[in-house]
Amino acid sequence: MAEVVDAVVTRAKVARAELMATGQVTIKENDLNITVNYGVPAANLAHTIDVGNGASTDVLAQLQAIVDAASDQGTELTGMVCSRSFLAKLRQNKDIQKAINGTAAEGVLVRNSALNALLADEFGIGQVIVDDLQYSEKWDIDGTTGRPVPVKHRYFPKAKVSFFGTVNGMRLGAGLWGAPPEVEIANFAQVSQSSESPFVYMTQWAEKDPAVLWTKASALYMPVLYAPQSLFIATVINTPAA
């Protein structure tokens, strides 16, 4: 029962991460195949950040361009969601190294605390959320050992960075939970709320021949984006030095 509940909660987390990384949510289950567009402006999704050390790259100018684009729409950026590898690339970037420690420090790895201070002081990005978590979607069979192996996926893509503003009462990562259809048939089936998540409902029913007890977890959930214009998503590229 705990496993099926966890699968439903995981699906909700996948939807929330997809919204943060793309500005939309894909629903391809329960006889549905639709994409929910939250109305994030196309320009907000078209940004790139080059974390390489190529001669023509300027990561600080790229960050400032995103902050300026948000300001033009009345949004004050306060945080970002990214991978740890993205932060590592920033710490290795020559422009950031010089901005923090001077020209003589080019090539010297920047400390995490110094990078966080730069992002907060110069760009107002005081909340840095690192999401490197993974989930298993299904199981495959190892061709050599014959054993089952999980097929893992990231919640948040490594090649994306999402900038957001949460001032003036705006919230991030919220969602709406509702009662699934199983609640309406509680008088005809054994339906109960999960102790792990009160929004996930457990249903059990039995068959007599053969004797089988079925267990199902279900929920009604959609992630919420309070202000679509407050989300800015950049694709991460890496142009190597010549």
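1. Arg 11 is partly exposed in this predicted model, with a relative accessible area of 27%. Its side chain meets that of Glu 29 in a salt bridge, at 3.0 Å from N to O. Arg 11 belongs to helix α1 (residues 2-22) and Glu 29 to strand β1 (residues 24-29), so the pair ties together parts that are 18 residues apart in sequence. Glu 29 is also partly exposed, at 30%.

2. The whole structure holds four salt bridges. Another of them joins Asp 132 and Arg 154, whose closest N and O atoms are 2.8 Å apart. Asp 132 sits in the loop between β5 (127-130) and β6 (134-141), while Arg 154 is in strand β7 (residues 148-154), so this pair links parts 22 residues apart in sequence. Asp 132 counts as partly exposed at 30% relative accessibility, and Arg 154 counts as partly exposed at 23%.

3. The side chains of Lys 94 and Asp 95 also form a salt bridge, at 3.4 Å from N to O. Here both residues are buried.

4. Helix α2 (residues 59-72) has 14 residues and reaches 20 Å from its first C-alpha to its last, close to the 20 Å expected. Its buried residues include Val 59, Leu 63, Ile 66 and Ala 70.

5. Just after the helix, Gly 74 takes a positive phi of about 85 degrees.

Methods:
Residues are numbered from 1 along each chain as its sequence is written. This is a predicted model: local features need pLDDT of at least 70, side-chain atom pairs count only at pLDDT 80 or more; totals for chains, interfaces and linings use all residues. Side-chain values use heavy atoms; hydrogens and water are left out. Helices (H or I, at least four residues) and strands (E, at least two) are DSSP runs, numbered from the N terminus. The expected span of a helix is 1.5 Å times one less than its number of residues. Buried means under 20% relative accessible area, exposed over 50%, partly exposed in between (1.4 Å probe, protein chains only).
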